[in-house]
Structure formats: C-alpha cells, structure tokens
Amino acid sequence: MTAQQQFYLVKPCGRLVRPVAPTRIPGRYLSHQEGLPKLPVPSLQQTCERYLATLEPIVDEEELSHTKELLAEFQKAGGVGERLQKGLERRARKTENWLSDWWLTTAYLDYRMPVVVHSSPGVVLPRLEFSDRQGQMRFAAKLIAGVLDFKTMIDNETLPVEYLGGKQLCMNQYYQVLSSCRVPGLKRDSVVNHAHRSRPPTHITVVHNFQFFVLDVYNSDGTPLTVDQLYMQLEKVWSSSLQTNKEPIGILTSNQRNSWGKAYNNLIKDKTNKDSVRAIQKSIFTVCLDAPMPCVSDELYHSRAAVQMLHGGGSRWNSGNRWFDKTLQFIIGEDGSCGLMYEHAPAEGPPIVSLIDHVVEYTKKSEMVRTPMVPLPMPQKLRFNITPEIKKDIEKAKQNMNIMVHDLDVKVIVFSHFGKNVPKTHKMSPDAFIQMGLQLAYYRMYQRCCATYESASLRMFKLGRTDTIRSCSIDSANFVKAMDDPAKQKIEKVTLLEKAVKAHRAYTDMAIHGQAIDRHLLGLKLQAIEDLTSMPEIFMDTSYAVANHYNLSTSQVPAKTDCVMCFGPVAPDGYGVCYNPMAEHINFAVSAFNSCNETNATHMAQRLEEALLDMRMLLESTPKAKL
C-alpha cells in the first residue's frame, strides 16, 4: 500500500479522548441535535504551521526544509491551497458536516483490507463465573435483555444527552449501531440500517456451531421477552445445532473486501441464501455462542480472550462462528469468556462502551419480571445452499483467516501499580501521562520518535466522528531524550515531563474543538481530487508519507466496566495500543504483527510498564519544594 493510500485509509479504532468525563442529563434524545454547531474548517495558515511543528521530531532537517518550501508555495495568495480552502469552506456551508461522508467512505467503505484485525475492534469483558452451557445460556439471556433495555432508551429518545466540558455532544452514533450491517461491494462497501424503517426488526441472530438462527425477542404485544423466555429460546437454539461439521458460512465475511464482494454476489444468487443473509443483516444484533477455546494460564487469559474477540482464534475454533459485517456481535464462550466485536463504519468506541456499561450493570440485577406462560415459536434456523464454488470461497477464506490469526500478536496487561490516581496527584492529565509513557517506551526500544495517532472525538459538532491527536511532539521528544540522559538533573526531567503533558493536553483541546490538522489536510486532498486538479506537491512529499505512517496507533477508551478494547496495528511495522484507565489500575491491549521482526507486543507492553513506573518514581523522588 502506498503512503498516500495509507493516509486515505487511516483507521480510527474506536477511539475517544475524554479530558473531562461526559456528564449525562436526561432529555429528549435528538431534540438537541439541531442546536449543535457545524464542524469548522480551520485556517490554512494555522494548519500549515501546526503541520510543520508535528513533523519536527519525526523527519530529518533536509526533509523538513523541503516541506517548508512546498508549504510556502501551497499557501501563496491566489494559489492552490487558497483555492482548495475556499472549496472546503463552500462544502462546509452546504452540508451538515463537511467531513462525515468523506470520512465514512475513505476510512471505511473504500478500505479493501479485511475488517477482521485491520478495522474492527474487540472488547474483552471481565471473565464470568461459569464453565458450562447452562451458565453460558443464562448469561446470554441476561445480556440480550440488557441490550434490549438500552434499545428502549434509544427508541423512546430517552437516552441522556452527553456533555463534554459543558458542551452537548452529538448523539447520532447511538442510532447507527443497532439493526445495521456492512454490505460488501466489488470496489466499495455500503452500510444498511433497518432501525429507521416503518417496521423495524424485532429479531436478533444467534450463531452456534457455525449455524445461524433468527430469534424473535419481542412478544406479540411488543414487550421484550423476559430473561427466562430468552433462556428457553437459547436452549432450543443450542439443541438444534449440535452438529459440529457444518460449513462455516460466516467466515466468508472475514475475507479481503473485493474477494468477499465477489463471493457475496455469487452467494445471494440463490434465493434461500439471499433470504438468510438479509435476516442476519436486518437483525438488531448478533449473539455468538462460542465453543471453548484452548485452556491457558490465568496470566495469559486476557490475551487469549482478546484474540477470541478480535478474530475467533482461527477456522479450527470460533472464526466461523461470526458474521464480521454485523455492527454488533456479542461473544459468550462456554468457558466464561465474554466480550464483543463491532464493525467500525457506523460508530466509534464510546457509544459502544456506554452500551456495554449499561448491559453489564443490567446483568448484575436479579430478574423481577414474571415470565408469561405462553408457548414461544421455535427459533428459525437459517439455511444456506453451498455450491462447489461457495465451498471453494469458504476454504480460501479459512486459509486467509488462519494466516491473519498466526500473524497477529496481542498482549493484554493489567497495569496494577497505579491508575488515574497518580497523574491526578501531580495535577497531570491521566491520558497525557499515559501517552508520554508510550512515547518513552517506544523511544527506549527504537532510539527514535515516531508518528503517533491518538483519536479525538469531534462529537461536539453535528455528525462529528474523530480527528487525530499527534502525541509525538517537540515537547514529548525533548522529554524522552532527556529521561535516560545521566547529564540531566531530575528537576529538569520533571520540568520537561510537565511541559510535554501540557502540550499534549493543549493538542487534545485543540482537536476536540475541530482545530487539529489531519482531517483538514485530508479535506484539502479530497477537494483536489473532487476538483479534478493535479495533486498538490505537499501530498506527494516524503514528510507527508512519514507523518501518516503510524508506528503507534493508540486509543483511550474509558469505561466504568473493568474491560479493555483491542485492535490491530495500522502499519505493518507498527503497534496498536488501547487502554482503559481505571482509578487504581490501567488495562492495556498491545498488538503487533509477527511477520515484522522489529515489533513485539510483549516487549512493548513490558517497556510501557517500566516507563510508567519510572515516570512515577521521577515525580515522587523530586522534592516538591523544588517543583
């Protein structure tokens, strides 16, 4: 993939930085949407100046000086930059959000790599206290009831509006995650959403032993099934799918998108197959009842659960027990493993995490509803006619999946030494502190700084998605270089750390207010393509390729639940790092590719742990009086 393509396809991985935790105020769900401001177009000069500053720690002087010349040319009065900027400003006036459609298309629907590992995040929930199918079914029933309870708030528009720093946030993404599904195309995918139809879906899909079932989750009077009713229905599903030799039709969805698009068109030529696929696409969400995965030690459990949520463990295990295009798939193993994965096109992580927090709390409540004594229909098994050609497509998808499984290295650690408490004691943003830990860990491993992606939410604006916080800055570079320099005094190191943390906080604030550089640069580039003009030289520049080759792709996804989100790296020689900072510990998921000799997820996780401990020691061993 070219560097330019990589910029097009930079994937946000369910990421949101919340400098202040959003507070919720009950109210009509979308009534505030009209009052939300539009995403601004930053000034051209500001973006060019900030772009140069972000390049300084990651490109050499010669490249930097060449880029300065190109940017001066680009910004000339009456020049290319000004023309593209005016085009963007025109687009901003005419649309609800100048970025959102472009972003959905370029970051997701045009992205042709498999959604598995390369785009869809997984979430590992705390391990459950069961180890048999009764426990599995009971928990699944409670989980389904919890999601339906959350859905009621969405349907009634009673979900509390979220606020960040006193500003209302766009709630649109909550409307996109249920009853939706990605649909493959030969060159571009699409997303279908059935929630807004005149007769919205009333069923979920359940998959067990690679066999899909339609399970109606509402009674004829419109009330949701009780936990007991759901449990009985899940038992019926389980006992109707005991055969373990069925073709894993769902594994087709894990393939490279063009291949899957071609196989999809072939699959739905058959009416039975088409009806079955449509039933999955329309369903409110999917529940995957997984077979037990290979046993591992308690220490390795979280890492094994992470790969189960990300890809299912390969064709021998649970990778065929999925429909990877489905927006929401809850995964419950017979061995107590539990989590979900989501297809990224419709939403970022925070709405998903809000749903998780609600569902986890719901599952802890004892069921008070009396179960009506009415017979329920048998859940409908979805049939697929497998032609020799489809069988061949399945075999190919299995092979490709197993290659991805062997290539992905994931390490989940619970950093138990401290959580948000320590940075807060030192009046530092916990997120900025953790990001500086990542910068230090990377510098110690590679003796250089690298382009770093951290996602910032643009939900202060109507239909806002994300922009990039560039965690690698001049200030972070000064700190990481000084940290292990024996010639530097501790007091100087502390000052540099404080400065780096403040710079990160400032960039975060800038980004969430729509003033970061990355989406603006993408907009200018896409405007040039739309105007059919030749590509400006700043986008063909080596510096631009370096700036968009993210060796560290990171995300803070805070949750009340003691969970962790995980995702694959965005560069072949990069890392994916996701974290959930709790009060007194931090959950980290680090991923890398085994095919790259230079990267190692376990080493990075260890270096990160060391870096955070060293930073705490530095702060605590420097006398307060001097600070």
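**Figure 1. Accessible surface and overall build of the predicted model.** The protein exposes about 24800 Å², and carbon and sulfur atoms supply 53% of that area. Areas come from the Shrake-Rupley method with a 1.4 Å probe; for residues, only the protein chains shown count as cover. This is a predicted model, in which local features need pLDDT of at least 70, side-chain atom pairs count only at pLDDT 80 or more, and totals for chains, interfaces and linings use all residues. Residues are numbered from 1 along each chain as its sequence is written, and side-chain values use heavy atoms, with hydrogens and water left out.

The protein has 19 helices and 19 strands. Helices (H or I, at least four residues) and strands (E, at least two) are DSSP runs, numbered from the N terminus. The radius of gyration is 25 Å, close to the 25 Å that the globule rule gives for 627 residues, so the protein is as compact as a globular protein of that length. That radius is taken over C-alpha atoms, and the rule is 2.2 Å times the number of residues to the power 0.38. The C-alpha trace spans about 75 × 60 × 50 Å along its principal axes.

Of the 627 residues, 60% count as buried. Buried means under 20% relative accessible area, exposed over 50%, and partly exposed in between (1.4 Å probe, protein chains only). Contact means heavy atoms within 4.5 Å. Among contacts between residues at least 6 apart in sequence, 77% join residues at least 24 apart.

**Figure 2. Charged side chains across the protein.** There are 73 positive and 66 negative side chains. Lys and Arg count as positive, Asp and Glu as negative; His and the chain ends are not counted. Each charge is placed at NZ of Lys, CZ of Arg, CG of Asp or CD of Glu. The centres of the two sets lie 4 Å apart.

**Figure 3. Helices α15 and α16.** Helix α15 covers residues 474-483 and is mostly covered, with seven of its 10 residues buried. These are D475, S476, A477, F479, V480, A482 and M483. They pack against α14, α16 and α19 (601-620).

Helix α16 runs over residues 490-512. At 1.5 Å a residue, its 23 residues should span 33 Å; the end C-alpha atoms are 33 Å apart, which agrees. The expected span is 1.5 Å times one less than the number of residues. Buried residues of α16 include K493, H504, Y507 and M510. Just after α16, G514 takes a positive phi of about 80°.

Figure 4. T67 is found in helix α3 (residues 61-74). At 1% relative accessibility, T67 counts as buried. Leaving aside neighbours within four places in sequence, T67 is in contact with Y51, L52, L55, D541 and S543.

V546 is found in helix α18 (residues 542-547). At 28% relative accessibility, V546 counts as partly exposed. V546 touches I58, V59 and A451, not counting residues up to four places away in sequence. The C-alpha atoms of V546 and V59 are separated by 7.3 Å, although 487 residues apart along the chain.

**Figure 5. D290 at strand β9.** D290 lies in β9 (residues 286-290). With 1% relative accessibility, D290 counts as buried. Beyond its neighbours within four places in sequence, the contacts of D290 include Q136, Q308, N318, N321 and R322. I331, I332, G333 and E334 are also among them.

**Figure 6. V116 in a loop.** V116 lies between α5 (100-109) and β2 (122-124). V116 is buried, with a relative accessible area of 0%. Its contacts, leaving aside neighbours within four places in sequence, are S254, L310, H311, F324, M401 and M404. Q136 lies 20 residues from V116 along the chain, and their C-alpha atoms are separated by 25 Å.

**Figure 7. Positive phi at two loop residues.** Most residues other than glycine have a negative phi. Phi of S179 is near 60°, a positive value in a residue other than glycine. S179 sits in the loop between β4 (167-168) and β5 (180-183). S179 is buried, at a relative accessible area of 2%.

K427 has a positive phi of about 55° although it is not a glycine. K427 lies in the loop between α13 (421-425) and α14 (430-446). K427 is exposed, with a relative accessible area of 77%.
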